[in-house]
Amino acid sequence: MRSRSSITGPSIAGLLCVWVGAACSAGPPSEIAPTAAVAGPLVNILVIDIDTFRADHLGIQRDGQPVTPHMDALAARGTRFTQAYSQSGWTVPSLVSNLTGVLPVVISAEDGDVAWRPAGTRDIAEILTIYGYSTVAFWGSTLPGPMASAISPSFEQNSIFPDKPPEPPTHEVAAYLLSQPKEPFFAYVHDIDLHNAASFETRDGHVPFDTKHMPVNGVDYQTAYRLVTEVTNEEIAEETMLARYDGVIHLYDGAVGWILSALEEAGLDQRTLVVITSDHGEDFVEHSVAEHGLLYDTTLHIPLIVYDPTRQGGATVDTIVQSV
């Protein structure tokens, strides 16, 4: 893992502000002059944050099939950052950093009681609202407790789906895009179902890359690893976890394809900046555990694709960038 001092590239929030010509600032609205700062037409922004998505599982193949064909195609038309890093190995501090550009600040030993957002900081939803953006967040199946007070109030609309099946909120996002939303808009999509070794199916009923060794569905990877190890061995247990993990990523890739199709059908594709990323990865026994929250490359190295329809794509950037 690289030392902290070497991670000095631009931030995701900063990149978005630069793209729309907005000045990311912690100052009050009166200190920001949108008409003076905006250079060129404002564009819509769609961010798809696939929780627990490791960088090294983007653009790979399993069983002779591409795991992420839709995301690969988007990267071929946009810019792929190969060295993007999260600021934390778990969800809540990473999400706050992604949207505020502020390093996580621990002020309590109890994770659930930490606000994670220093007083006086602005998140990108607040900033873009000043520039006339409509803002909406899709939080998938759950919204982590501290997020309710840290980030979600900044969005004009929050869509939370606590009773949805274990799949991304694809239909809801597509419906929003097809509803002729007020432009320009900033839409943030986040879902945590990749956390667990759940039984995901594609819409044709096929479970991609599934294995006969997966004992139960809906458990965390550490539990799955332990249960499979008890009846087989460590090598089979690790391969079982990775196959199921890639299968769930494949489902998310299908969701990305569905959302991009809705964007095109709505006639928004030529004026919408699309970002695919994650807030952290997952460790699969590389460091004796199968979990995240750790400060290893497996949990901090994340995918980052930025597609701008107004720019020539197909670029790969190896400069280190941060999500903070």
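This is a predicted model: local features need pLDDT of at least 70, side-chain atom pairs count only at pLDDT 80 or more; totals for chains, interfaces and linings use all residues.
**Aromatic rings and model confidence**

Residues are numbered from 1 along each chain as its sequence is written, and side-chain values use heavy atoms, without hydrogens and water.

**Exercise 1.** Determine how the rings of Trp-139 and Phe-155 are arranged.

*Solution.* Phe, Tyr and Trp rings (for Trp, the six-membered ring) pair if their centres lie within 6.5 Å; planes under 30 degrees apart are stacked, over 60 edge-to-face, and the rest tilted. Trp-139 lies in the loop between strand E6 (134-138) and helix H6 (145-150), and Phe-155 in the loop between H6 and strand E7 (157-159), 16 residues apart; helices (H or I, at least four residues) and strands (E, at least two) are DSSP runs numbered from the N terminus.

**Exercise 2.** Classify the pair formed by Phe-186 and Tyr-188.

*Solution.* The centres of Phe-186 and Tyr-188 are 6.5 Å apart with planes at 45°, so the pair is tilted. Phe-186 and Tyr-188 are buried. Ring pairs join Trp-139, Phe-155, Phe-186 and Tyr-188 into a cluster.

**Exercise 3.** State the confidence of the chain.

*Solution.* The mean pLDDT (the predictor's confidence in each residue, from 0 to 100) is 79, and 70% of the residues reach 70 or more.

Notes: Buried means under 20% relative accessible area, exposed over 50%, partly exposed in between (1.4 Å probe, protein chains only).
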